[in-house]
Amino acid sequence: GGSVVIACDRRLAPLYARSFPEARVEGIDLRKLSEWKPPADVDYLVHIGSLPMHFRLGWEKFPRQKSYLVADPEARAKWRSRYDELGPGLKVGISWRGGGRASEQKRRTTLLQEWLPLLRQPGVDFVNLQYGDCREDLRVAKEKWDVEIHDWDDADPFANLDDFAAQVSELDLVISVGNTTIHMAGALGVETWTLLPRVPGWRYMCEGEEMPWYASVKLFRQERDDAWVELFEKTAARLADRLKGDVPVPTDD
C-alpha cells in the first residue's frame, strides 16, 4: 500500500538492503538515536518490535518461511572455501556466552568446559561464533583439552554483521545459548539448536521445541535450574544421532 523505510543500526544496513530490496534502508548511529529524524515523506512511524502487536496475534499468524535474511554471495563463497579447507566433517558453529544485563548474562552463560561432551565428538569441525574477546577460552580448549575451535582474525560479529551473516549461512548447524547468534542463524534459515535455562527470556516461550519466529530453530530446555550438565549430555546425544543420520535435517521446502 506504500513505500517502506527501515531505520536500523548501520551494521545491519547492507544486510537489510539486500534482504528487503523493495524497502528503503537507512543506517543510523544508535548512540545518536534521539537526534535521528524520519524522512519528511513518512506518514507513519512504528518501532519494529511493536509490529507483532498489530500483525502477529497468534502462532497461526506467523508464516513458516525458511528464512528472510539474505547473506552476501561473495562473502558466502569465501566462508565456504574456508570451511572446505577444514575437511569433510560437519561444520558446527558454537556460542557459549550471553550478553545483556548482569543477571541475564549469568543465567544464559555457560562454561566452555561444559561443552566437552559435544566438542569431543568425532566427525565435527567446530567454528567459533562467540562475540567479544574469547581468545583465552579458545587457547585453554586447545592446550588443556586438545579441542580445536576454528577461528579467524577477520571474523568480528560486533563490527561486521554482514560478513557474520555469510559465515553463519555456510554452516551445517549452529548450537548456541540464547543470544544474538540464535536470531541471526534463525533469520538466515540455518539449522540451529538453542540451549536454554529453565526460565528463559520471553522470546523462547515457556515450553516446546519450536519458536514462532524461525522455522529452523529447535529449543533444548533445562529441566531444573542450572542443570547445564544434563542439558549438554542430552544435546551431545542428539548430535551423535545427527551424525549417524538418525535426526531429520531441515530442508529448503
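**Strands, a helix and rings**

Analyst: Starting with β4, both of its faces are covered: Val124, Phe126 and Asn128 on one side are buried, as are Asp125 and Val127 on the other. Bear in mind that this is a predicted model.

User: How many of the residues of β4 are buried?

Analyst: Five of its five residues, which span 124-128, so the strand is mostly covered by the cut-off of under 20% relative accessible area.

User: Which strands does β4 pair with?

Analyst: Strand β3 (residues 90-95) pairs with β4 in the parallel sense over five bridges. Strand β5 (residues 149-150) is joined to β4 by two bridges, and these two also run parallel.

User: Where does Phe126 come into that?

Analyst: Phe126 is the bridge partner in β4 of Val92. In β5, the bridge partner of Phe126 is Ile149.

User: OK, zoom out. What is the strand order in the sheet?

Analyst: The order is β5-β4-β3-β6-β7-β8, an open sheet of six strands with parallel pairing. β5 and β8 stand at the edges with a single partner strand each, so one side of each has no neighbour in the sheet.

User: Is β8 mostly covered or mostly exposed?

Analyst: Mostly covered: four of the five residues of β8 are buried.

User: How many bridges join β7 to β8?

Analyst: Five, and the two strands run parallel. As one of the pairs, Thr192 has Val217 as its bridge partner in β8.

User: What about the pairing of β6 with β7?

Analyst: β6 covers residues 173-177 and pairs with β7 over four bridges, in the parallel sense. Val177 has Leu195 as its bridge partner in β7.

User: Which of its residues are buried?

Analyst: In α9 the buried residues are Trp228, Leu231, Phe232, Thr235, Ala236, Leu239 and Arg242. They cover an arc of only 135 degrees around the axis, so they are on the same side of α9.

User: And which are exposed on the other side?

Analyst: Val229 and Lys244 are exposed on the other side of α9.

User: What follows the helix?

Analyst: Gly245 follows α9, and its phi is positive, near 85 degrees.

User: Back to Thr235. Why does it count as buried?

Analyst: Because its relative accessibility is 0%, and buried means under 20%. Thr235 sits in helix α9, residues 228-244.

User: What does it touch?

Analyst: Leaving out residues up to four places away in sequence, Thr235 touches Leu118, Ile175, Trp193, Leu195 and Phe220.

User: Now the rings. How many aromatic pairs are there?

Analyst: The structure holds ten aromatic pairs. In one of them, Phe62 and Trp213 have ring centres 5.2 Å apart and planes at 90 degrees, so that pair is edge-to-face.

User: Where do those two sit?

Analyst: Phe62 is in the loop between α2 (51-55) and α3 (73-85), and Trp213 is in the loop between β7 (192-196) and β8 (217-221), so the pair ties together parts that are 151 residues apart in sequence. Phe62 is buried, at a relative accessible area of 14%, whereas Trp213 counts as partly exposed, at 25% relative accessibility.

User: You listed Trp193 and Phe220 as contacts of Thr235. What sort of pair do Trp193 and Phe220 form?

Analyst: A tilted one, with 5.2 Å centre to centre and 40 degrees between the planes. Trp193 lies in strand β7 and Phe220 in strand β8, so this pair ties together parts that are 27 residues apart in sequence. Both Trp193 and Phe220 are buried.

User: Which residues form a cluster through ring pairs?

Analyst: Phe62, Trp202 and Trp213 are linked into a cluster by ring pairs.

User: Last one: which charged residues lie over a ring?

Analyst: Arg56 lies over the face of Phe62, 5.9 Å from the ring centre. The charged end of Arg82 sits over the ring of Trp79, at 4.7 Å from its centre.

Technical notes:
Residues numbered from 1 in each chain as written. Predicted model: local features only at pLDDT ≥ 70, side-chain atom pairs only at ≥ 80, totals over all residues. Heavy atoms only, no water. Buried < 20%, exposed > 50% of the residue type's maximum accessible area, 1.4 Å probe, protein only. Contact = heavy atoms within 4.5 Å. Phe/Tyr/Trp six-rings, centres within 6.5 Å; stacked < 30°, edge-to-face > 60°. Lys NZ or Arg CZ within 6 Å of the ring centre and 35° of its normal. Pairing = 2+ DSSP bridges. Arc of directions from axis to C-beta.
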